[in-house]
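Here is a short note for a colleague opening this entry for the first time.

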Amino acid sequence: MKSILNLLPLAYRVGVCGHMSKSVRTCFQARRLHSASNDDASTKTVRDVISSLSAKVGADKSFSQVSDRSFLLELLPKSQDELPPRSMKDSFDSAIIPLGSEVRLREKYVTFLGGVRVGRLLEDLDVFAVWLCYKHLENPRQKENMPSPYSIVTALVDRIDFNQGAMLKPDRDIRLSGHVSWAGRSSMETVIKVEQFSEGEWQQVTRAVFVMVARDPLNQGSAVVNPLVPETAEEKRLFHAGEVNKLHRKVIQQESLFRVPPNETEKSLVHEVFMSMANPEQLSFASKRIPENSVWMEDHKLKNLIICHPESRNIFNKIFGGFLMRKAFELSWANVSVFSKQRPRILHIDDIMFRRPVEIGSLLYLNSQVVFTEGKHIQVSTKASVMDAVTSEISLTNIFHFTYEVDQLGPTVLPRTYHEAMLYLDGRRHYQLVRGLRKFYGQGEVPSDTRI
């Protein structure tokens, strides 16, 4: 994280709304229990959070200094039975990004259009989610003056929704607050609220849901975490929402278009799209004629190549996940700006899965593509892959899904090949999911879509 992680000698780094339907708003409003009050006088900053993390995990001082953490293996519990249960309030915390008082920090967050860089905010959210997980952990084997044996890494950014009409201002403080809302054997879900101080009170801007995983000190295997015990009816509803989210993630994998064919409605849609480009007079199905106010999907890609230097590393000498999110977001924003010729606003970010770590020295390829449009909304898929310069082997590390909104109606993006048609359908599914038009990724739209 360039904005706040540079404040550490060797920073601890880890691999982070427009209109929403009533059902979506209700779901995310319910996914919060403990919160910072408007009169909360806490002065802890995100910089303080990073310093605390650095001390807790025993961060190295420089890239050349690599500590041996194998001696911490003996501190890891063998089963959850050894760990005391925790409540949601145990992990609650809040921290300030002091843009209102620190001019030098403000320079790192302000956009050329006078707003706040969402990519920087994603980095801060990623770090804060890690901090909440460490607050949840209570290990009876932990010894005084020794680093934590746990390595917390980001597994998934489940969902980030931005409030309608909310515009972050670069000269006012931002507050992050949240807690662990669900815990399994080695994974934890955190819910984080983002607010900005305006007109004498804290006003909510967005809410983020991160899924984190506990690993051993060498980052080679999973580690058990404290069970989370909901105490009140409200906490039980929140915990149940985490269980439902876990099932939804499994559905996305099971219903992937790489595993099962499109449903009947989607097949008909693809056929209609291709027929709109066909030439029936010449009995030709070749996609040579494009409908009015439409554009080819293949013409709206934007790519970038990044050399992964040590300054963007985490404590495990891998590339920081928040850095990847920032770069992917900014590339997608630029792509939508070029596509629409307008200033886009981010509405939703969902289903960012960290499939594998990115090594220092890797060549990171980012490929952003407009995959679906609906009215003034634009859905973008950005893929991150790494290439080993020695073996030329390319491996997919992340797929990012972004939903944007613009002021004026733009062109409709259309696929030209079957490959692009599958990207189109996948983008459509993600768009309908974040807009509340479907309850889960593979949900059918008519009875005939039901798989037997």
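1. Start with a term. Buried means under 20% relative accessible area, exposed means over 50%, and partly exposed lies in between (1.4 Å probe, protein chains only). Of the 452 residues in the protein, 54% are buried.

2. A word on the source. This is a predicted model, where local features need pLDDT of at least 70, side-chain atom pairs count only at pLDDT 80 or more, and totals for chains, interfaces and linings use all residues. Residues are numbered from 1 along each chain as its sequence is written, and side-chain values use heavy atoms, with hydrogens and water left out.

3. The protein has nine helices and twelve strands. These are DSSP runs, numbered from the N terminus: helices are H or I with at least four residues, strands are E with at least two.

4. Ten strands form an open sheet with antiparallel pairing. The order is β1-β3-β4-β5-β2-β8-β11-β10-β9-β7. The edge strands, β1 (93-97) and β7 (301-307), each pair on one side only. Two strands pair if DSSP finds at least two bridges between them.

5. Look at β5 (residues 201-215). Eleven of its 15 residues are buried, so the strand is largely enclosed by the rest of the structure. Strand β4 (residues 187-198) is joined to β5 by twelve bridges, running antiparallel. Here Thr 190 stands opposite Phe 210. Strand β2 (residues 151-162) is also antiparallel to β5, with ten bridges. Ile 160 faces Ala 208 across that pair.

6. The hairpin of β4 and β5 has two residues between the strands. In this hairpin, Glu 199 takes a positive phi near 55 degrees.

7. Further along the sheet, eleven bridges join β10 (residues 377-387) to β11 (residues 394-405), again antiparallel. Ser 381 stands opposite His 401 in β11.

8. Now the core. A nonpolar core is a set of buried Ala, Val, Leu, Ile, Met, Phe, Trp, Tyr and Cys residues joined through side-chain atoms within 4.5 Å. The largest one holds 98 residues; Leu 125, Tyr 150, Ile 152, Ile 174, Leu 176 and Phe 210 touch the most other members. Helix α5 (residues 118-136) gives the largest share, twelve residues.

9. Which strand holds Tyr 365? Tyr 365 lies in β9 (residues 363-374). The residue is partly exposed, with a relative accessible area of 33%.
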